[in-house]
Amino acid sequence: MAHGLIKSLRGTAFINGSWVDAHDGSTFEVTNPADETVIAEVANCGQEETKLAISAAVEALPAWSALPAKQKSTILRRWFELVTSNIDELAELLTLEQGKPIAEAKAEIAYGASYIEWFAEETKRIYGDTIPAPGPDKRIITLKQAVGVVACITPWNFPNAMLTRKIAPALAAGCTVVCKPANETPLSALILGEYALKAGIPAGVINILCGKTSEIGETLTASKDVRKLTFTGSTKVGKKLAADCAKTMKRTTMELGGNAPFLIFADADIDAAVSGLMASKFRNSGQTCVCANRILVEDGIYEQFASALKAATQKLIIGNGLDSNTSMGPLIHRAASNACRERVDISLREGAQLFWPDEIPADTSDNFAHPVILTNVTSRMAISREEIFGPIAPLTRFEGEDEAIRLANDTDAGLAAYLYTKDPSKMMRVTESLQYGIVGINEGIISNEMAPFGGMKESGNGREGSKYGLDDYLEIKYVCIGGLA
Ligand code: SIN
């Protein structure tokens, strides 16, 4: 069924409400990570098409930002309904190009749509202030106004939800957007354009194009017409984009890499901790920036926890995401599965022990990576310093609360952290000491549209979702009215 959707997209870019080819007719291939077959050819856009998209967004801005909130809300709501009523097709398309199990793909479409629904509601709640004035002849008010044209650059791990999490608040604030989704997964992004058109979102308000990544990125960051850039991806690329945006003083929202500690204290409910860890670690084959990256287990329960985790991990069924039995799909490409094998090899050379499986399967001819549990991992090993982005669970031992906090904060990242304990005082003490934007207490799945998603330190800035999610797309204009009687 999703193949029909691929055809209906005509493999093009979505600019100014139309489907267009690259000016030179060039295309790039999109492959299915489960079997590496080519599933589509997509317009290979560059500078020329990006400039067209920016012009379309500039032109559409005045009318869209002036549209009454209630009308914006109705249109966004229609978009939400179209996405949710086509969830099966969209999920199939997502699995085809991204690889995740179909149940996870459906959950992603629902998750992505929840941001559209949330911001369809929030657009009606963009309030200014009246502020006490310093003299009797004055009044002070604030207006909240759209930042302007926004560039949205999104990754392949959540090709639907990371885009809606940016487009929905931008449109709710009255901004227009030029989106550059990852080249690995353009179809789930482009199809959102099709439903946006059907929902009545005017031409030019949303523009989506893929292709020559650096050329598109450089055109977006250099443009004075683009007033904000929002990016989800690696810290390395985020730093480069932020530096480029500084040249025109663009506002930025940066959702960058994580290195999430997952703390399990000796008094924790071990079954709950294992199921929370399974959800956090192996969701999307370990390819999320909030995945448990360093599993820190208190000394007294280390062996018991490792065995319970092994029993749960052995039940994972690895395969093509379109097979409904599959609980873990392939990684996005060969480089990712090779990197996992290499990470395990390096860890073993550094002194970690292979706890499960007994031997790493030798085959390196596809994009699948076997889930791995490593024990005897220390905080100095490379695997503890880097974002893994794959299904490897490294277990490190700690003794007591102080060491747990010290190890947890011993990283430049600061996105998500997790802790399992039954002691309410410990929950609060540890949470308040963690240098992270998101903390899951006795919970492994922390993402939803009602909560502020975002990081501290080198994990970026800004918050997406929640009542704070509009702030990044709004300017505050202070108005002083004088000469009043
Ligand atoms: C991400 O990995 O970038 C986002 C994960 C999420 O929204 O839960």
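In this predicted model, the ligand is surrounded by Tyr111, Asn157, Phe158, Met162, Arg165, Thr232, Arg283, Thr288, Cys289, Val290, Ser447 and Phe453.

- The backbone takes part through cysteine 289, where a polar backbone atom lies 2.7 Å from an oxygen atom of the ligand.
- Arginine 165 contributes through its side chain, in which an N or O atom is 2.9 Å from a ligand oxygen atom.
- Asparagine 157 likewise presents its side chain, with a polar atom that lies 3.1 Å from an oxygen atom of the ligand.
- The ligand on its own has 260 Å² of accessible area, and the protein covers 99% of this.

**Domains around the ligand**

- The domain assignment divides the protein chain into domain 1, given as 2-256 + 459-479, and domain 2, given as 260-448.
- Both domains supply the ligand shell, since at least three of its residues come from domain 1 (2-256 + 459-479) and at least three from domain 2 (260-448).
- The C-alpha centres of domain 1 and domain 2 are 31 Å apart, while the contact between these two domains involves 24 residues of domain 1 and 29 residues of domain 2.

Conventions: Residues numbered from 1 in each chain as written. Predicted model: local features only at pLDDT ≥ 70, side-chain atom pairs only at ≥ 80, totals over all residues. Heavy atoms only, no water. Near = heavy atom within 4 Å. Polar contact = N/O pair within 3.5 Å; in protein donor to acceptor, adjacent residues only side chain to side chain. Areas by Shrake-Rupley, 256 points an atom, 1.4 Å probe, with all protein chains shown as cover. Domains from an automatic or database assignment. Contact = heavy atoms within 4.5 Å.
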